[in-house]
Amino acid sequence: MRAIGTCQVAERLGFEADTKGYTELIKELRQIAKEVPLSDTAQSAITYVFGGEWEEAIEALDKLRNERNEQN
């Protein structure tokens with residue numbers, strides 16, 4: 001999954017996410033989740049990426065990939 005690789009590179013480089021608009025992004029994510037079915041894992045992954053929490057994002061994305069593989 002390309003997103004996992006991107007998070008790994010960001011973590012390795014010590015990239016700090018700009019969380020200035022974080023609260024607004026999370027509000028929008030919650031609104032989207034009401035309109036489009038997103039699993040808790042997908043919401044968590046997005047939230048972690050927005051917050052620059054790379055280790056948690058990688059774990060959530062890996063879990064999401066495993067869930068999708070089990071469905072197929």
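**Thr41.** I began with Thr41, which is found in helix α3 (residues 40-51). I took helices (H or I, at least four residues) and strands (E, at least two) as DSSP runs, numbered from the N terminus. I noted that Thr41 is buried, with a relative accessible area of 10%; buried means under 20%, exposed over 50% and partly exposed in between (1.4 Å probe, protein chains only). Leaving aside neighbours within four places in sequence, I found Thr41 in contact with Ala60, Lys63, Leu64 and Glu67, where contact means heavy atoms within 4.5 Å.

**Basis of the entries.** I am working from a predicted model, in which local features need pLDDT of at least 70 and side-chain atom pairs count only at pLDDT 80 or more, whereas totals for chains, interfaces and linings use all residues. Residues are numbered from 1 along each chain as its sequence is written, and side-chain values use heavy atoms, with hydrogens and water left out.

**Whole chain.** I recorded 4 helices and 0 strands for the protein chain, in the pattern α-α-α-α along the sequence. The C-alpha trace spans about 35 × 25 × 15 Å along its principal axes. Of the 72 residues, 22% are buried. I also looked up contacts between residues at least 6 apart in sequence: 63% of them join residues at least 24 apart.

**Helices α1 and α4.** I found that α1 (residues 2-13) and α4 (residues 54-71) pack at an angle of about 165 degrees, with their axes 9 Å apart. That makes α1 roughly antiparallel to α4. Axes are lines fitted to C-alpha atoms, for helices over the stretch in contact, and angles run from 0 to 180 degrees between N-to-C directions; over 145 counts as roughly antiparallel. The contact involves Ala3, Ile4, Cys7, Gln8, Ala10 and Glu11 of α1, together with Trp54, Glu55, Ala57, Ile58, Leu61, Asp62 and Arg65 of α4. By class, I noted 8 nonpolar, 1 polar and 4 charged residues in this contact. Here Ala, Val, Leu, Ile, Met, Phe, Trp, Tyr, Cys and Pro count as nonpolar, Asp, Glu, Lys and Arg as charged, and the others, Gly among them, as polar.

**Asp62 and Arg65.** I looked for salt bridges (a side-chain nitrogen of Lys or Arg within 4 Å of a carboxyl oxygen of Asp or Glu), and the count came to 1. The side chains of Asp62 and Arg65 form a salt bridge at 2.4 Å, N to O. These residues are 3 apart in helix α4, which means that about one helical turn separates Asp62 from Arg65. I noted Asp62 as partly exposed, at 28% relative accessible area, and Arg65 as partly exposed, at 30%.

Notes:
Angles under 35 degrees count as roughly parallel, over 145 as roughly antiparallel, 65 to 115 as roughly perpendicular and the rest as oblique.
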